[in-house]
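Biologist: I have this one open on my screen, could you walk me through it?
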Amino acid sequence: RIMFKQSSSDDIGDLRIEFSDSPRYKLGYCTSSGINAEWPLRPGDWNDFDTFPEEQDKIFTIAKTENKLTVSCNDVLIINYHFSDSSENNCVSRWSEEANMFLFRSTNAAGTDDASDEYRAEPEEEVNVEEEDNEEENVGEEDHEEIENDEEEDHEEEENDEEDDNEEEENVEEDNEEEENYEDGDWIPSGEREEDIEFSFADHPLQIKTDSAIGSDDLIRIMFKQSSSDDIGDLRIEFSDSPRYKLGYCTDWIYFDTFPEEQDKIFTIAKTENKLTVSCNDVLIINYHFSDSSFTIVKTETTLFVICNEMLIISYQFSDSTENNCVSRWSE
């Protein structure tokens with residue numbers, strides 16, 4: 001499962017190839033995401049292959065132009081999809097854009113890439129016969145130059161290695177000092193809720209201490225903000241019988257794959273531009289890449305649908321509201 005993107009925040013769409021008994025594929029925004037009033041993810045968005053190589057070791061070659069996407073498997077063409085053939089509104093507008101990056105998807109709700117072993121994003125260099133002949137004539141001169149250059153490079157590398165070793169030792173000492181300072185910091189009571197606390201992830205992670213037990217239904221809920229009026233999103237960790245978490249603007253509730261059983265816990269929360277990680281008693285429990293999130297909002301005259309990572313999480317009928325203006329406004 002591969003997501004193609006224009007930038008870190010703008011996706012084009014994903015390609016999924018499923019190795020089922022009858023192999024099939026799906027092209028995001030083109031063969032999927034159909035909407036109707038009863039169920040916003042209609043069946044039939046997977047396409048069966050007409051032909052699919054049977055060898056176990058496979059090399060897939062994926063090419064995209066402004067108009068179509070082609071996929072070959074072991075030099076056999078298995079997908080030749082013209083974006084204009086799609087009945088989906090966003091297929092042409094999204095897939096006609098240039099893809100500048102890609103990622104292998106790892107979201108459980110819509111399927112994790114567990115088949116891609118290796119990738120090659122640059123073509124092998126083509127050999128020019130005339131240039132090859134000229135290169136053979138210069139081999140003798142180049143070999144002599146290479147020997148001299150290698151001796152000089154070996155001497156330089158030895159000097160650089162010594163400098164690198166010294167720098168690494170200095171960096172290790174600095175890191176240890178930072179860790180000691182962080183660990184020696186005083187614990188501060190959480191105090192009043194809804195009170196802004198000055199903090200920056202650029203300086204160090206945030207640590208939360210708790211003695212809440214699994215099954216208590218206690219909740220850690222922290223809102224991260226840019227300023228007093230601009231929020232980024234909140235993180236919730238629920239101590240239910242099966243502990244789970246939710247990341248505001250990104251996910252619905254997600255159950256933990258692993259969660260320490262000790263009652264006394266220290267959560268260490270770190271955030272970069274691309275992801276949020278949470279460790280509990282030095283065990284990594286959340287490693288969430290923001291680019292994995294996918295919310296789709298669809299409105300008909302009578303209903304609002306919200307889909308998170310292709311899972312329907314809201315299906316609201318405006319007629320169910322007791323508010324006077326709901327139907328008149330939302331039916332527009």
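What follows is a chat about confidence, a few strands and one arginine.

Modeller: This is a predicted model, in which local features need pLDDT of at least 70, side-chain atom pairs count only at pLDDT 80 or more, and totals for chains, interfaces and linings use all residues. Residues are numbered from 1 along each chain as its sequence is written, and side-chain values use heavy atoms, with hydrogens and water left out.

Biologist: Where is confidence lowest and highest in the chain?

Modeller: On pLDDT, the predictor's confidence in each residue from 0 to 100, helix H2 (residues 129-137) is lowest with a mean of 47, while strand E17 (residues 275-280) is highest at 94. Over residues 124-133 the pLDDT is below 50, and this stretch has one contact (heavy atoms within 4.5 Å) beyond near neighbours in sequence. Helices (H or I, at least four residues) and strands (E, at least two) are DSSP runs numbered from the N terminus.

Biologist: What should I do with low pLDDT?

Modeller: Where pLDDT is low, the predicted coordinates should not be read in detail.

Biologist: Switching topic, how do E2 and E3 run?

Modeller: They run antiparallel, joined by four bridges, and form a hairpin with five residues between them; strands pair if DSSP finds at least two bridges between them. Glutamate 18 has arginine 24 in E3 as its bridge partner.

Biologist: And which side chain does arginine 236 join by a polar contact?

Modeller: That of aspartate 234, at 3.3 Å, where a polar contact is a pair of N or O atoms within 3.5 Å, one able to donate a hydrogen and the other to accept it within protein, and residues adjacent in sequence count only if both atoms are side-chain atoms. Arginine 236 lies in strand E13 (residues 231-238).
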